[in-house]
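Below is a short briefing on a single protein chain.

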Amino acid sequence: MRILCLLLLLVSLPQVWGCASYGIYEDKRMVGTISSDKAIATDVKTTLMGQDFSKGWDISVYCYYGKVYLVGEVPQNMHNKAVSLARKCKGVRSVTPHWFAARTADSSDLALATKLRSNLISTKGLSSTRIDTQVNANRVVLLGVVNDSREKDLAVKIAKQTEGVREVTSYLMLPQ
């Protein structure tokens, strides 16, 4: 049994490595930029988690080229504080908040996010590995770095055409 498990692991490693390298290969940012962006996002997340914001916070942090995007639900009286904390982190060039109003329905978010991701993946001419999505009460936010304006427009179109999507906001950007 142990040998079988080891054999399965060895057989699956090339597939896992292929997926990992595919995501990096498809990302139009330089490897150093990707690494820097991940470090900035981690620093911002750590800074926000270090505060006493446990009540009513549901926030995701994205970073592309040093530009930070805060996406989620935060009590209105904490909006400015979250942005201010993010701006103080090393390497942050700008902070764009996208606050959702309180959820009106969240049970379908996972199903809608799955349907949206499936639609993006199955669209010819669109590299969905570069597109991050956030779904909140049928409202969609698209983030990431795409090849060109055509790909950006296509991603927005697919999101808007996904059944159940009520609103789409795009923070998709072109390579710098």
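Val 61 stands opposite Leu 70 in β2. The model is predicted: local features need pLDDT of at least 70 and side-chain atom pairs count only at pLDDT 80 or more, while totals for chains, interfaces and linings use all residues. Residues are numbered from 1 along each chain as its sequence is written, and side-chain values use heavy atoms, with hydrogens and water left out.

**Hairpin of β1 and β2**

- Strands β1 (residues 58-64) and β2 (residues 67-73) run antiparallel and are joined by seven bridges; two strands pair if DSSP finds at least two bridges between them.
- Two residues lie between the strands of this hairpin, and Tyr 65 takes a positive phi near 55 degrees.

**Chain totals**

- The chain contains five helices and six strands, where helices (H or I, at least four residues) and strands (E, at least two) are DSSP runs numbered from the N terminus.
- Along the sequence, the pattern reads α-α-β-β-α-β-α-β-β-α-β.
- Of the 176 residues in the chain, 40% are buried; buried means under 20% relative accessible area, exposed over 50%, and partly exposed in between (1.4 Å probe, protein chains only).
- The chain exposes about 10500 Å², with carbon and sulfur atoms supplying 57% of it; accessible areas come from the Shrake-Rupley method with a 1.4 Å probe, and for residues only the protein chains shown count as cover.
- Among contacts (heavy atoms within 4.5 Å) between residues at least 6 apart in sequence, 66% join residues at least 24 apart.

**Helix α4**

- Helix α4 (residues 109-121) has 13 residues and reaches 18 Å from its first C-alpha to its last, close to the 18 Å expected at 1.5 Å a residue; the expected span is 1.5 Å times one less than the number of residues.
- Asp 109, Leu 112, Leu 116 and Leu 120 are the buried residues of α4.
- Seen down the axis of α4, these residues fall within an arc of 70 degrees, so they line one face of the helix; the arc is that of the directions from the helix axis to the C-beta atoms.
- Cover for the buried residues of α4 includes β4 (131-136), β5 and α5.
- Leu 110, Ala 111, Thr 114 and Ile 121 are exposed on the other side of α4.

**Asp 148**

- Asp 148 lies in the loop between β5 (139-145) and α5 (149-161).
- With a relative accessible area of 32%, Asp 148 is partly exposed.
- The side chain of Asp 148 reaches the backbone nitrogen of Glu 151 at 2.8 Å.
- Asp 148 and Pro 175 are 27 residues apart in sequence, and their C-alpha atoms are 8.0 Å apart in space.

Methods
Polar contact = N/O pair within 3.5 Å; in protein donor to acceptor, adjacent residues only side chain to side chain.
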